[in-house]
Amino acid sequence: MTEAVIVSAVRTPIGRSHKGTLREVDAFQLARTAVTAAVDRSGLPVEEIDDLVLAESLQGGGVIGRYVALEAGMTAVPAVAVNRHCAGGLSAVQLAAASIRSGMDRVVIAGGTESLSTMPRVLKSVPPSAGEPTAWMSPTHPETPRAPAADMSVTVGENTARLAGIGRKEADAWALASHTRAATAIAAGHFAQEITPVPLPDGSEFGVDEHPRAGTTAERLAELPVLHPELDGAVITAGNSAGLNDGAAALVVTSDGYAAAHGIAPLGRVVAWASVGVEPERTGLAPTLAIPLALERAGLKSSDIDLFEINEAFTTVAAASSKILGIEETRLNVNGSGCGLGHPVAATGARMVVTMLGELRRRGATFGCLSMCAGGGLGSALIVELL
């Protein structure tokens with residue numbers, strides 16, 4: 001069978017939205033930076049690229065992938081935008097791999113981009129005859145009392161804590177580990193090779209993740225108020241939630257035969273993947289279904305996986321998956337994840353693949369599994385093998 005291999009993987013640094021360094025850099029420029037760097041690192045001419053699959057979730061629609069292809073001088077690359085909310089970047093890699101494995105394409109760029117700093121504000125009248133339009137965001141699912149469409153801290157964070165028996169101290173402990181591990185990795189230079197700097201409007205460059213708080217302590221996290229004090233046993237705070245962030249990531253995926261014919265040494269192989277749907281109020285538990293399904297499709301067991309990353313939309317998600325699937329903390333989120341490192345929504349899945357390949361290589365390990373929940377009762381997982 002034709003295998004899908006990753007020959008280039010790169011990301012931008014992750015910025016804090018609204019007040020961070022990337023606040024004036026939109027999702028289009030972030031994507032162009034990541035895509036251009038990924039192509040440059042692959043050494044492939046743009047004439048060899050068959051398609052570009054780019055995820056976005058909050059940028060207002062449009063085919064952002066095609067826009068970026070044109071800006072990057074890839075006029076003949078058709079491109080497509082995909083939206084699976086938080087799992088969009090992971091889905092982009094899956095779609096690229098599927099196209100390669102089916103033999104329809106030879107070279108596909110896959111990635112994701114998000115700028116919460118510059119996301120559009122949408123106005124809508126409901127119904128149209130209501131008069132003055134009001135602020136509106138497209139919902140991920142039909143609203144229910146247990147699953148508010150506009151408040152993921154309840155739909156994902158609090159519900160997951162309740163369903164999996166995760167308390168405030170445990171959620172905060174995961175937050176502390178996430179910030180500490182991310183800050184430690186940055187200080188050690190573990191991300192240096194995977195990051196491409198972003199040009200800024202003032203002519204300077206931004207090249208280091210800025211979301212992790214190296215000075216975070218258990219005491220400071222414990223002092224933060226819960227977001228929903230009206231809920232019995234509430235655990236979610238700003239400290240154990242994912243950040244609001246800006247960033248992009250891109251990978252070049254080819255067939256193993258194409259890579260061999262062109263003398264390219266692949267970074268890794270896309271082994272298998274799976275996406276699942278659950279009731280929206282159980283969104284945070286979706287990785288506990290997606291991961292076993294992806295492992296089954298790969299013909300692997302959990303014990304075969306050297307490292308996992310389960311995105312911390314809220315730390316209760318990673319904590320619940322660890323508890324339910326029996327994944328030791330020594331194998332999970334070793335460089336932090338959404339809480340500490342940041343979560344530029346549609347870019348995160350692709351960023352996770354980029355970071356996983358680098359960490360597997362640094363450790364001399366083989367298999368990595370990436371997973372995340374996504375708004376609307378979605379979950380996705382992908383397994384890669386270092387080559």
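Predicted model: local features only at pLDDT ≥ 70, side-chain atom pairs only at ≥ 80, totals over all residues.
## Helix α9 and helix α4

Two packed helices are described by the angle between their axes and the distance between the axes. Start with helix α4, residues 152–164, and helix α9, residues 315–325. Their axes come within 9 Å. They cross at roughly 25°. Angles under 35 degrees count as roughly parallel, so α4 is roughly parallel to α9. The crossing of α4 past α9 is left-handed.

Which residues of α4 and α9 make the contact? On the α4 side they are V156, G157, T160, A161 and A164. On the α9 side they are T316, V317, A320 and K323. Sorted by class, this contact of α4 with α9 has five nonpolar residues, three polar and one charged.

## Helix α9 and helix α5

Helix α9 also packs against helix α5, which spans residues 168–187. Here the angle is about 105°. The axes of α5 and α9 lie 9 Å apart. Angles from 65 to 115 degrees count as roughly perpendicular, and α5 and α9 are therefore roughly perpendicular to each other.

From α5, the contact takes in E170, A171, W174 and A175. From α9, it takes in T315, T316, A318, A319 and S322. By class, the contact of α5 with α9 counts five nonpolar, three polar and one charged residues. T316 of α9 belongs to the contact with α4 and also to the contact with α5.

## Helix α1 and helix α2

A further pair is helix α1, residues 27–42, and helix α2, residues 64–71. Their axes come within 9 Å and cross at roughly 60°. That makes α1 oblique to α2. The crossing of α1 past α2 is right-handed.

In α1, the contact residues are A27, F28, A31, R32 and V35. They meet I64, Y67, V68 and E71 of α2. How many nonpolar, polar and charged residues does the contact of α1 with α2 have? There are seven nonpolar and two charged residues, with no polar ones.

## The cavity

The structure holds one cavity of 30 Å³ or more.

Strand β12, 307–310, and α10, 345–363, each give at least two residues to the lining of the largest cavity. By class, that lining has five nonpolar, four polar and three charged residues.

## The second largest pocket

The second largest pocket holds about 300 Å³ of space. Its lining has 15 residues. Nearest the centre of this pocket are A9, Q193, E194, L267 and G358.

Strand β1, 4–11, and α10 each supply at least two residues of the lining of the second largest pocket. The largest share of this pocket's lining, five residues, comes from α10. By class, the lining of the second largest pocket divides into six nonpolar, five polar and four charged residues.

Definitions and conventions: Residues numbered from 1 in each chain as written. Heavy atoms only, no water. Axes fitted to C-alpha atoms, helices over the stretch in contact; angles between N-to-C directions. Helix = DSSP H or I, 4+ residues; strand = E, 2+ residues; numbered from the N terminus. Parallel < 35°, antiparallel > 145°, perpendicular 65-115°, else oblique. Left-handed = near helix turned anticlockwise from the far one by under 90°. Contact = heavy atoms within 4.5 Å. Nonpolar A, V, L, I, M, F, W, Y, C, P; charged D, E, K, R; others polar. 1 Å grid on protein atoms, 1.4 Å probe; cavity = no way out; pocket = protein on both sides within 12 Å on 5 of 7 lines; lining within 4 Å. Points joined across faces, edges and corners; volume = space filled by probe spheres on them.
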